[in-house]
Amino acid sequence: MSNLAMQETDSSIDQLVTDIGKRAKAAAGIIATASTNDKNNALLAASDALIAATNAIISANNLDMAAAKAKGLDDAMLDRLALDEKRIHAMAQGLREIAELDDPVGQITESWDRPSGLNIRRMRVPLGVIGIIYESRPNVTADAGALCLKSGNVAILRGGSESTHSSKAIADCLHQGLEAAGLPKDAILQIPTQDRAAVGKMLTLNQYIDIIVPRGGKGLCKRVQDESRIPTLQHLDGNCHTYVHENANIDMAVSVIHNAKLRRTGICGATESLIIDQEIASHALPKIVDDLVANGCEIRGDDQAVTIDSRIHAASDDDWGTEYLDNIISVKIVKNIDQAIDFVNKYSSGHTDAIITDSDQAAQRYLRCVDSAI
């Protein structure tokens with residue numbers, strides 16, 4: 001492509017994204033003042049539309065899956081991308097659950113009087129226009145669009161190239177819901193090009209977009225950090241821990257760890273590292289290993305864990321900081337909750353970290369001391 005042709009292409013993308021920003025800003029005032037009833041009706045109608053369009057969405061997803069396999073995407077990425085009837089129905093149910101949530105707009109969260117006689121109140125109001133940039137997972141289209149709508153915000157969605165057809169089919173259902181409720185379709189907008197220049201342009205539109213939320217890998221989040229002129233909310237890795245405290249119910253621990261690790265190994269909230277108190281490790285760990293190994297999970301542990309159960313492979317130093325996104329989990333045995341907290345705060349990515357215990361005191365201490373979003 002000649003330099004002139006490239007300039008023309010960049011110019012047209014700039015204009016496209018700018019026009020979407022203007023449309024979003026124009027819709028923001030309407031959505032910010034939309035009634036709870038109208039927003040909920042839009043979500044419920046969109047949920048019905050998703051169910052009705054199940055076959056069409058699966059057909060669109062098949063196109064994305066075929067292209068992703070041809071590109072050689074790994075199993076974790078393919079799992080994030082894949083849609084079937086069960087996942088589509090889960091998306092539809094998610095919209096209904098969001099409709100059932102209390103409307104945050106207009107809620108008074110705090111009120112106080114000043115000596116001067118002034119009464120001051122803190123009220124929840126919409127942010128305005130939220131730009132969401134995400135990779136691979138098409139269900140984010142439904143989740144992000146619905147949450148923005150319920151909170152009175154307009155969404156500009158830029159999904160990954162892997163999910164182009166799937167995301168468009170889902171967005172069409174959201175638009176049907178908005179129309180059915182008499183709300184503007186511009187409340188949920190998509191960037192219709194996969195050219196990376198569109199992301200760069202989005203990150204400069206601070207006159208139209210109020211906040212940027214990236215959901216994706218290190219490359220995307222780093223780019224947003226470096227280039228955005230707009231405030232951002234973001235995370236990087238999902239190196240998540242589950243800590244089995246000495247007062248844990250072991251049967252519960254086996255069940256929770258099974259779900260946290262194996263339900264979907266390729267998501268950022270899946271458990272990657274298991275921590276167990278030394279006091280219970282000798283009888284708890286084999287039960288946990290029984291379940292994980294029976295379901296094809298490789299386990300890598302420290303010297304003490306390997307001694308307790310020979311099915312555990314020796315871990316390297318790199319394992320403690322690794323987000324596997326696969327059927328692999330690391331195991332660290334600690335003396336007490338203090339060591340567990342130190343270990344989590346050293347190696348966790350600050351995404352999601354859990355404790356399993358029957359002790360309220362231990363649970364509260366862990367929650368206060370572990371530096372994680374969830």
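Predicted model: local features only at pLDDT ≥ 70, side-chain atom pairs only at ≥ 80, totals over all residues.

Trainee: Got it. Which residues in H2 meet H5?
Mentor: On the H2 side they are Asn40, Leu43, Leu44, Ala46, Ser47, Asp48, Leu50 and Ile51. Their partners in H5 include Ile88, Met91, Leu95 and Arg96.

Trainee: What kinds of residues make up that contact?
Mentor: There are 11 nonpolar, four polar and two charged.

Trainee: And are H2 and H5 roughly parallel or antiparallel?
Mentor: The axes of H2 (residues 36-52) and H5 (residues 85-100) cross at roughly 170°. Angles over 145 degrees count as roughly antiparallel, so H2 and H5 are roughly antiparallel to each other. Their axes come within 8 Å.

Trainee: New topic: pockets. How much space lies in the largest pocket?
Mentor: About 840 Å³. It is lined by 31 residues. Arg137, Asn139, Asp143, Arg215 and Ile267 lie nearest its centre.

Trainee: Which element gives the largest share of that lining?
Mentor: H5 again, with five residues. Helix H6 (139-150) and strand S6 (211-215) also give two or more residues.

Trainee: How does the lining of the largest pocket divide by type?
Mentor: Into 12 nonpolar, nine polar and 10 charged.

Trainee: What about the second largest pocket, what volume does that have?
Mentor: About 470 Å³. The second largest pocket has 26 lining residues, with Met77, Arg80, Gly266, Glu323 and Leu325 nearest its centre.

Trainee: Which helix gives the most there?
Mentor: Helix H4 (residues 75-81), with five residues. The lining of the second largest pocket has eight nonpolar, seven polar and 11 charged residues.

Technical notes:
Residues numbered from 1 in each chain as written. Heavy atoms only, no water. Axes fitted to C-alpha atoms, helices over the stretch in contact; angles between N-to-C directions. Helix = DSSP H or I, 4+ residues; strand = E, 2+ residues; numbered from the N terminus. Parallel < 35°, antiparallel > 145°, perpendicular 65-115°, else oblique. Contact = heavy atoms within 4.5 Å. Nonpolar A, V, L, I, M, F, W, Y, C, P; charged D, E, K, R; others polar. 1 Å grid on protein atoms, 1.4 Å probe; cavity = no way out; pocket = protein on both sides within 12 Å on 5 of 7 lines; lining within 4 Å. Points joined across faces, edges and corners; volume = space filled by probe spheres on them.
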